[in-house]
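My entries follow in the order I made them.

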Amino acid sequence: MPTTAPRTCPICDAVCGLKITLDDDNRVTSVKGDQDDPFSKGYICPKGASLGRLDEDPDRLRVPMIRDGDEWREASWDEAFLAVERGLTGVIEKYGRDAVAVFFGNPTYHTMAGFLYRIPLIQSLASRNVYSSGTIDHMPKHVACGHLYGDAFAIAVPDVDRTDYFMVIGANPMESHGSLFTAPDMPARLKALRNRGGKLVVVDPRRTRTAAVADEHHFVRPGTDPFLLLGIVHTLLTENLATVTIDANGLDELREVVREFTPEVAERVCGVPAEDIARLARELAAAPTAAVYSRMGGSVVEFGSLTQWLVDLVNILTGNLDRPGGTMFTRTAALEVFRSGEPFVPGRWHSRVRGLPEVIGELPTATLADEIETPGEGQVRALVNIAANQVLAAPNGPRLGKAFESLDFMVCVDPYLNETTRHANVILPPPRILQMPHYDFLLQIVTARNYTRFSPAILPLEPDQRSEAEIMARLTLIAAGAGAAADPAGVDEMFIGQLLGGATQMPGSPVEGMDVADLRATIEGDDGPEQILDTMLKFGPYGLSLAKLKANPNGIDLGPLEPRLKELVCTPSGKVELAPPALVADLERLRARMVAPTPEVVLIGRRQLRSNNSWLHNVSSLVGGSNKCVLHVNPADIAKFGLGEQAVVRSAVSELVVAVEANDAIMPGVVSLPHGWGHSGGRQRVAEDNAGVNANALTDESVLDVPSGNAVFNGVPVTISPYEVV
Ligand SMILES: Nc1nc2c(c(=O)[nH]1)N[C@H]1C(S)=C(S)[C@@H](COP(=O)(O)OP(=O)(O)OC[C@H]3O[C@@H](n4cnc5c(=O)[nH]c(N)nc54)[C@H](O)[C@@H]3O)O[C@H]1N2
Ligand SMILES: Nc1nc2c(c(=O)[nH]1)N[C@H]1C(S)=C(S)[C@@H](COP(=O)(O)OP(=O)(O)OC[C@H]3O[C@@H](n4cnc5c(=O)[nH]c(N)nc54)[C@H](O)[C@@H]3O)O[C@H]1N2
Ligand code: SF4
Ligand SMILES: [Mo]
């Protein structure tokens, strides 16, 4: 008898509800959008539809792998954990705790284990070498929000369903499905916006699918958005269009700061006509409600932090922050354990080699190779790598690959033997997707409606498998020195104890002063992760429980977003800081850019509908056709540089031979190459047959967004020339 089970899609930020049908042999026979999910309402994309093939991929690792020289062999879990214990404790005893680095890759934002054991693992490792995909992605947003609101996690989300005017700067939600902005079925939401008379404006060096459904699209030179945004802020302030409705400091200083950044200055640098910039400012001010949003095009750029700060400033100055139809803060169902309530302070420590500041407890990915390669006290000699493929994802990834080879020990938690994990000594594979429970602790922080959903595992574990939670808990215990054989349940119990202890000590909490043991007895759930979730739900703002979520497997709508800025602001002044010194100081770098020569050609990235970073290319339904690794070049540039079918692209770091596709959607002087390709050296047969090239062989780890340490993938200076076959 076929069975059908509801389950949240774990692939991208849209968290679509799925209905998965399995046959008697537990093979997935169909994956459909879940019509009963109140948030995604049946939406599904080609990646979600291929979840069954991804889940059953024969190249997924089932059991731990140990490398002896160039040979890999299967190992038992006991042997693998013992090898990890020997490897990590050996390095810690000889070189100290900073010699072990830990890295959390993108899927840790999507898995329960990735969220639940992140802090315990970091705490038990007690190393300053903590890294994540945050510094090759969204760290500028944390920095901007940290300085503006005091809370680096106070990230406002476009209230897309109620806004009258939506300005998208460097994001392509029609293909990425939204990011730091969880709103499944973006096509329908954007269509609804226009159907109700709203306006969609896109600013992008490429006429993307999002631009194609917009009312207005402006080409912008990569990396220059702060000029455009400063031009908007300048217009709002000089034409007295600003209406600050929140409690804020620094308006006078801001007025002073933006004086020189007129729309005319912006036009010279960014290429958008000054009159359009001024008009956009007036339209934003006049719209009943408006939301400005920016992602990768305004984040993995040289001035990512300035861009993200200015985006929020425009929302604030037009009275749109924290009001319906503007940008708003989600209220999660689970307790917001990630908010410390303490003001944001970056730079509590610095990286050893380049002296780069820590931000929210992390050092920049762009300096990990330096920390591994440079000898001296505190040199990184071991790496705990969870769900990350930096060889394809990090700036100058191939250098990192070589650096990994020089490590004394590397353990990966990953289902694949790929470009990065092949450098490990031990790979610990999580189970199949359908064997994992799912709860979006992180993505539910940025949903465009308040919403929650839990999906229990659909299939049980086989005896020779371990849950990802157990793998992470055991790594935590090994890092703490408790050994490979210690009971992982202890880690969960400690977490629950901390949560309950915090709740009973919190003034005004409904359980203030109560006995922790009494409360512990009320917590339900089949295992540690379920019990932690139950605790976080019971003490969360809606007083939900795991049982209630299990009884509503299609998800629970918790209503439209409501104003909540006041309870989040935790700057030392208690007010929103419009002109934070650290960001105002970074304008000095921008001034230098104003007079710097414009490179003839710059490289930007491109997300593809059927890819998700580096890890879906081993599914044959997701590669080929339009999903190819090709360089998009404007026909004028093809003629100008005399390009044929292939071209040589050179950057400051390296060069690549790439397949060329003429595409007039990309502006002249800009070329675009998707990342996540360049598959080689692993055990992914389909991916290696569709290898492509590694865009991050060209990106330069020496260039950063200074305040955040974020990598720069968009706006990389390159030269392009015809490929001559010799
Ligand atoms: N299908 C698919 N979906 C995904 C992913 C995927 O790989 N594939 N990845 C997921 C992840 S990890 C993330 S972080 C999100 C990212 O989500 P998005 O940020 O929405 O995705 P991108 O396609 O990177 O969009 C960035 C846009 O910025 C433009 N751009 C580049 N440089 C500049 C610039 O300097 N200024 C401006 N204004 N625009 C610029 C690019 O042309 C591109 O259209 O997507 C997620 N969803
Ligand atoms: N040039 C360029 N580079 C970029 C970007 C860009 O736009 N341009 N985008 C950047 C962005 S936004 C991001 S987020 C990063 C992404 O880069 P990474 O964080 O490295 O993520 P992926 O490349 O998706 O690799 C994910 C790894 O996790 C493994 N994995 C998959 N599912 C699971 C699971 O359930 N558990 C575990 N333990 N492992 C799993 C996969 O096998 C793979 O090895 O790339 C960045 N790199
Ligand atoms: S949009 Fe994202 S979450 Fe939805 S089905 Fe596609 S991959 Fe899954
Ligand atoms: Mo990302």
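**Entry: terms and a salt bridge**

I call a residue buried under 20% relative accessible area, exposed over 50%, and partly exposed in between, with a 1.4 Å probe and protein chains only. By that rule I logged Asp 370 as buried because its relative accessibility is 10%.

This is a predicted model: local features need pLDDT of at least 70, side-chain atom pairs count only at pLDDT 80 or more, and totals for chains, interfaces and linings use all residues. Residues are numbered from 1 along each chain as its sequence is written, chains are lettered from A and ligands numbered from 1 in the order in which they are written, and side-chain values use heavy atoms, with hydrogens and water left out.

Next I asked which side chain meets Asp 370 in a salt bridge. I found Arg 399, at 2.7 Å from N to O. The pair links distant parts of the chain: Asp 370 sits in helix H15 (residues 368-373) and Arg 399 in helix H17 (residues 397-405), 29 residues apart. I count a salt bridge when a side-chain nitrogen of Lys or Arg is within 4 Å of a carboxyl oxygen of Asp or Glu. Helices (H or I, at least four residues) and strands (E, at least two) are DSSP runs, numbered from the N terminus.

How many salt bridges does a search of the whole structure find? I got 54. Side chains of opposite charge can pair when their charged atoms come close.

I looked at Arg 27 and Glu 56, whose side chains meet at 3.5 Å, N to O. This pair also links distant parts of the chain, 29 residues apart. Arg 27 is in the loop between strand S2 (17-22) and strand S3 (28-33). Glu 56 is in the loop between helix H2 (51-55) and strand S4 (65-68). Is Glu 56 buried or exposed? Glu 56 is buried, at 19% relative accessible area. Arg 27 counts as partly exposed, at 43%.

Then I checked a pair within one helix. Glu 470 forms a salt bridge with Arg 474, with the closest N and O atoms 2.9 Å apart. The two are four residues apart in helix H18 (residues 468-480), so about one helical turn separates them. Glu 470 is partly exposed at 21%, while Arg 474 is buried at 16%. I also noted a network: salt bridges that share partners join Asp 151, Arg 331, Glu 336, Arg 339, Arg 564 and Glu 567.

**Entry: ligand 1**

I listed the shell of ligand 1, taking residues with a heavy atom within 4 Å of it. It has 31 residues, and the closest are Ser 176, Asp 204, Gly 223, Asp 225 and Ser 611. By class I counted 10 nonpolar, 13 polar and eight charged. Here Ala, Val, Leu, Ile, Met, Phe, Trp, Tyr, Cys and Pro count as nonpolar, Asp, Glu, Lys and Arg as charged, and the others, Gly among them, as polar.

For contacts I looked at N or O atom pairs within 3.5 Å. A polar side-chain atom of Asp 204 lies 2.7 Å from an oxygen atom of ligand 1. A backbone N or O atom of Asn 613 lies 2.8 Å from an oxygen atom of the ligand. The protein covers 97% of the 910 Å² of accessible area that ligand 1 has on its own. Accessible areas come from the Shrake-Rupley method with a 1.4 Å probe.

The domain bounds come from an automatic or database domain assignment.

**Entry: ligand 2**

I found 27 residues around ligand 2, the closest being Asn 106, Ala 393, Asp 414, Glu 468 and Ser 614. They divide into 13 nonpolar, 10 polar and four charged. A polar side-chain atom of Asn 418 lies 2.9 Å from an oxygen atom of ligand 2. A polar side-chain atom of Arg 607 lies 3.1 Å from a nitrogen atom of the ligand. Taken alone, ligand 2 exposes 910 Å², and the protein buries 97% of that. Domain 1 (65-127 + 339-559) and domain 3 (599-722) both contribute to the shell, so ligand 2 lies between them.

**Entry: helix H21**

Last, I checked helix H21 (residues 528-538). I found 10 of its 11 residues buried. Among them are Ile 532, Leu 533 and Met 536.

Definitions and conventions
Polar contact = N/O pair within 3.5 Å; in protein donor to acceptor, adjacent residues only side chain to side chain.
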